[in-house]
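Welcome! Please take a moment to look over the structure below before reading on.

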Amino acid sequence: MVFSSFRFAGFLVALLLLLSLIRSNESRKRALCLASCLFYAAWDFRYLGLLLLISGIDFVAAAQIDQTELPRRRRAWLVFSMVTNLGCLAYFKYTDFFIHSLNGVLGVYGREIPLLHVFLPAGISFYTFKSMSYTIDVYRRELRPCRRLFDYAMFVSFFADLIAGPIVRASVFLPQLENRVGPTARRLQEGGSLFVIGMGKKLLIADQIGPIADAVFQNPGAWSCGMAWTGLIAYTLQIYCDFSGYSDMALGVAQMLGYDLPENFRMPYLSGDVSEFWQRWHITLSQWLRDYLYIPLGGNRKGPTRTYVNLLLTMLLGGLWHGAGWNFVLWGALHGAALCVHRAWRKFGLRMPRLAGQVLTLLFVSLAWVPFRAVDAAATKAMLARLIAPGTGGSHWVPVTVIAALMLVAGGHVAGLWIERSSTERNILQRAFNLEIKDHPLSGRQLVFGTNTIGGAFLTTSIVLIIALFGATSASPFIYFRF
Amino acid sequence: MTANHKAEELERIGGKEAISPTTPLPKGRRLPAIVAAVCGIALSLLAFEMAFRLLLFGKEGRDPVTHLPVTTGIHRIGEGFASSHRDHQGVRLSPNPCSGCPRVLVIGDSYTDAFQVDDTEAFTAVAETMLAGAHPVRLLNAGVAGASPADYLVQAARYRRRLQPAWTVIELNADDLGRDAFLPDKVHFRQEGGRLSLVVPAPYEYGRITQTLGFIREQSALANYAIARLDFARQGPKGPPWFRAGFDSGTRSVPQASQFYPLEHELSLLRSAYGNRVTFLFLPLFNTPIENEEIRFERYCRETTTSCLNFRESFEGFQRIGTAPYGFPNSRFAGGHLNTAGHVAVARLLAMELRRLQQNGLF
């Protein structure tokens, strides 16, 4: 059930109606948990059991960790939880990748292990990370364990962030379950605004330029150098609008239902360096990797060499988290190397004008998308060869869709900067169009559309009509669903 | 901000919202706010309605025989940027129509009606200009999107009576002769014991809902577009089906392609319906291997010495310079309908053939 589909719209409306009729907080949570299971079952009913099993194991493990003071016993339960989560992730996501890689070596001796063709359960990378953060936090005594299994199952299975994040930590979500929050008029307005913005990013930009990026990456050798760059720009815009659009929709849905999720994107393509990029792109994953991988590895506390190794290792594993393929490892390695270079650059006290840094970062991030998007090493090589070989023939074309998307994204960033720098006090423009800039402790700054003035109603209706009438008609899956 | 602080902050917000879920407007301001909202929504709808009326400036109707939608004037923006104008007979307007010249009827589907290019850029208009000097011809473009050989056959008598062509050009592609001519929900062929018969479905008997929707569509260009789009979205790729594992991209339901279509029989029927004064213009897809239908088409033309044109012979020129005859900057490369360069190339082929036919005294 894709967020941008009619089916999801029906599901959400029905759920909001149901929740608004329920008075008790407990019943509301139960209804929401069941709805989340239904949502997941609509994706893949076969693995709903796996989701609930992981929830159950981590719930028990955390309770056991909390109950005992014996360090060995606590550690044993933590290891049990980690092995279960990572074992499931490794089996479902990486088995075929490992066999395939092993076959590369065995092939020399004329042997081959048959692939198992394991089906990847939807959202497994996200919910295992979510659940692991809970047991680790309880182990570190940073979080009290959840007392009710139902509440914990609700946290893990919450449908808004289940399939493609943001990776919400238990410390952020579980306390919200104690409050009597539900769909209110204000929350509907705020969440609805965020949902519409996300929907616009997905349907008006990502889904419109996706086919252009697909065409170029499918057969880079057939295109001219200019078209290769056009395809790369298209993918750079597509992945941002697709993923940040999904995150906006997830945050919006959660807000409408009465819960708050953390911000996942903060205009990453305006970053002045790679380190800043990772503070603005997929923020919840970067923070997860920082807190549960980089810092436990030693972070920057064990000397410069170890810091660089830790950075590289964290990004390599971050790359592998995205997908079972060497191209993702390469993507992670590129970002890891860039982070090391940036760290060394800063250490030597070198400086660069911010604009130059922004251009360089954007260029690096865009080029790093090549291995991320290309299916294998050969395709990566072919695409890079096209990008650096002007005047070597190939088909050419001027897709105005990419130009329009570029303008829309640029306009969106200008609006984003305006929102970032504007006061939450309403100015004339905000009053005329009934706009509100809201500072949210978790979700960051967001724009809320209103309909209390003619201008506001006009703007809101027009935005909805533009998306409905000119957005892509097919509900194509979000890119991050496959991770 | 630590996790505990965040939790406290959330608790605070949650508690506050539980007491005061919304910021209600003061009593005296509620009505003006509702009126403002209604006015704003109405204004927006009106603006969109006007924009859509500007895009669809001609009359939209249905062909009485084939029931296919026919539009007399439209600005196309989704695939190419162009304006099309048609006369009351459904013939696309030509920039410099030649009066008293031999009339050549050109029929076909959306590749011929060519909403994606301006009136002056359609291959019929370009070919007319190319032939204007020594061999002037009036080319009557009566292409209709969605039409197939079954439609051309059922319209033959009417076209010949009304437009009185000296020659007819029929634009075809592999799908036209195969799948599209056998779709059961429109005029189509039926195979019965080696015979090919034409089935003309009875006029649609609309239900009450369809009638109401039809009425709304006639009144509002915006509603017309929205309903058509809804229908398109309904037919397009869908998300995964309920309670089924994996992702199913979903496709439109079409008859099995493995069926053996009697192309030769169809072509013969068309030839005789238009008085054996026919040129078949075949438009294959770009950069795709030759399909079986195309081979059979070529063989039929050779064996019956019919006047035939195959657009594939122009492909090499496009491949050499790295462009394509199909596709627009706002659609996709090498896909969809003929672009301006494609129309010029088709016009060149057509003009050469019509000149040859004229020189041979065939019209």
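## A pair of strands

B:Leu105 stands opposite B:Leu140 in strand 6 of chain B. Strand 5 (residues 103-107) and strand 6 of chain B pair in the parallel sense over four bridges; pairing requires at least two DSSP bridges between two strands. Strands here are DSSP runs of E with at least two residues, helices are runs of H or I with at least four, and both are numbered from the N terminus.

This is a predicted model, in which local features need pLDDT of at least 70 and side-chain atom pairs count only at pLDDT 80 or more, while totals for chains, interfaces and linings use all residues. Residues are numbered from 1 along each chain as its sequence is written, with chains lettered from A and ligands numbered from 1 in the order in which they are written.

In chain B, five strands form an open sheet with parallel pairing, in the order 6-5-7-10-11. Strand 6 (138-141) and strand 11 (307-310) of chain B each have a single partner strand, so one side of each is left without a neighbour in the sheet.

## The nonpolar core

The largest nonpolar core has 182 residues, and B:Val104, B:Ile170, B:Leu281 and B:Leu350 are among those touching the most other members. Such a core is a set of buried Ala, Val, Leu, Ile, Met, Phe, Trp, Tyr and Cys residues joined through C-beta atoms within 7 Å; buried means 20 or more other C-beta atoms within 10 Å of a residue's own, with C-beta atoms placed from the backbone. Helix 10 (residues 225-257) of chain A gives the most to this core, with 18 residues.

Note on methods. A residue is buried if 20 or more other C-beta atoms lie within 10 Å of its own, exposed if 12 or fewer, and partly exposed in between; C-beta atoms are placed from the backbone.
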